[in-house]
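The sequence and the structure are shown first.

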Amino acid sequence: MMGTGQNSGPAKLARLTEGYSGSDLQELCKQAAYNPIRDYINQERARGDTLESLASRGQGAEEEEEEEQPQLRPLEYADFRSSLNYSKPSALAAMQYEQNVNKQKAEAQG
């Protein structure tokens, strides 16, 4: 996610997350960080590894043949974009809720 121009990943992300609180941004980053981990786990599963085989490998078990080990990929702009589908600004939701409550109160009074 390099670059500093207006069309760079960080600038786009800043525009897309307008209205997000610090806590919202923290949650977005956490969710984005899970994507490379999920990819890594899927690579391990595709190789047929189980938790038991991974644990035994870590305990000094010899590999029968050397295979290329899956690598944890770097975090990318696309990870943040996909996480935006699930992370919404809580301040906006709270404001919408408050507006709905005030509207209902006004309708009940009038």
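## Salt bridges

E44 counts as buried, at 4% relative accessibility; buried means under 20% relative accessible area, exposed over 50%, and partly exposed in between, with a 1.4 Å probe and protein chains only. The side chain of E44 meets that of R47 in a salt bridge (3.9 Å, N to O), and R47 is partly exposed at 25%. A salt bridge is taken as a side-chain nitrogen of Lys or Arg within 4 Å of a carboxyl oxygen of Asp or Glu. The structure is a predicted model, in which local features need pLDDT of at least 70, side-chain atom pairs count only at pLDDT 80 or more, and totals for chains, interfaces and linings use all residues. Residues are numbered from 1 along each chain as its sequence is written, and side-chain values use heavy atoms, with hydrogens and water left out.

The structure holds five salt bridges. One of them joins D39 and R73 (2.7 Å, N to O). This pair links distant parts of the chain, with D39 in helix α2 and R73 in the loop between α3 and α4, 34 residues apart. Both partners are partly exposed, D39 at 31% relative accessibility and R73 at 24%. D39 and R73 also belong to a network of salt bridges that includes E76 and D79. Another salt bridge, between K30 and E27 (3.3 Å, N to O), lies within helix α2, its residues three apart, about one turn of the helix. K30 is partly exposed at 40%, as is E27 at 32%.

The largest nonpolar core has six residues: L13, Y20, L28, A32, F80 and L84. Such a core is a set of buried Ala, Val, Leu, Ile, Met, Phe, Trp, Tyr and Cys residues joined through side-chain atoms within 4.5 Å. Helices α2 (22–46) and α4 are the elements that give two or more residues to this core. Beyond four places in sequence, L84 touches L13, L16, T17, Y20 and L28; contact means heavy atoms within 4.5 Å.

S83 lies in helix α4 and is buried, with a relative accessible area of 3%.

L72 is located in the loop between α3 and α4 and is exposed, at 51% relative accessible area. Its C-alpha is 5.7 Å from that of Y40, although the two are 32 residues apart in sequence. Leaving aside residues up to four places away in sequence, L72 touches P36, I37 and Y40.

Together with Y34, I37 and I41, L72 forms a nonpolar surface patch with about 350 Å² of accessible area. Patches are made of residues with over 30% relative accessible area and no salt bridge, like charges being joined within 9 Å and nonpolar side chains (Val, Leu, Ile, Met, Phe, Trp, Tyr) within 5 Å. Areas come from the Shrake-Rupley method with a 1.4 Å probe; for residues, only the protein chains shown count as cover.

## Overall fold and confidence

The chain has five helices and zero strands; helices (H or I, at least four residues) and strands (E, at least two) are DSSP runs, numbered from the N terminus. Buried residues make up 18% of the 110 residues. Among contacts between residues at least 6 apart in sequence, 68% join residues at least 24 apart. The accessible surface comes to about 8,600 Å², of which 52% belongs to carbon and sulfur atoms.

The average pLDDT of the chain is 83, and 79% of the residues score at least 70; pLDDT is the predictor's confidence in each residue, from 0 to 100. Confidence is highest in helix α4 (residues 77–84), at a mean of 94, and lowest in helix α3 (residues 51–58), at 68.
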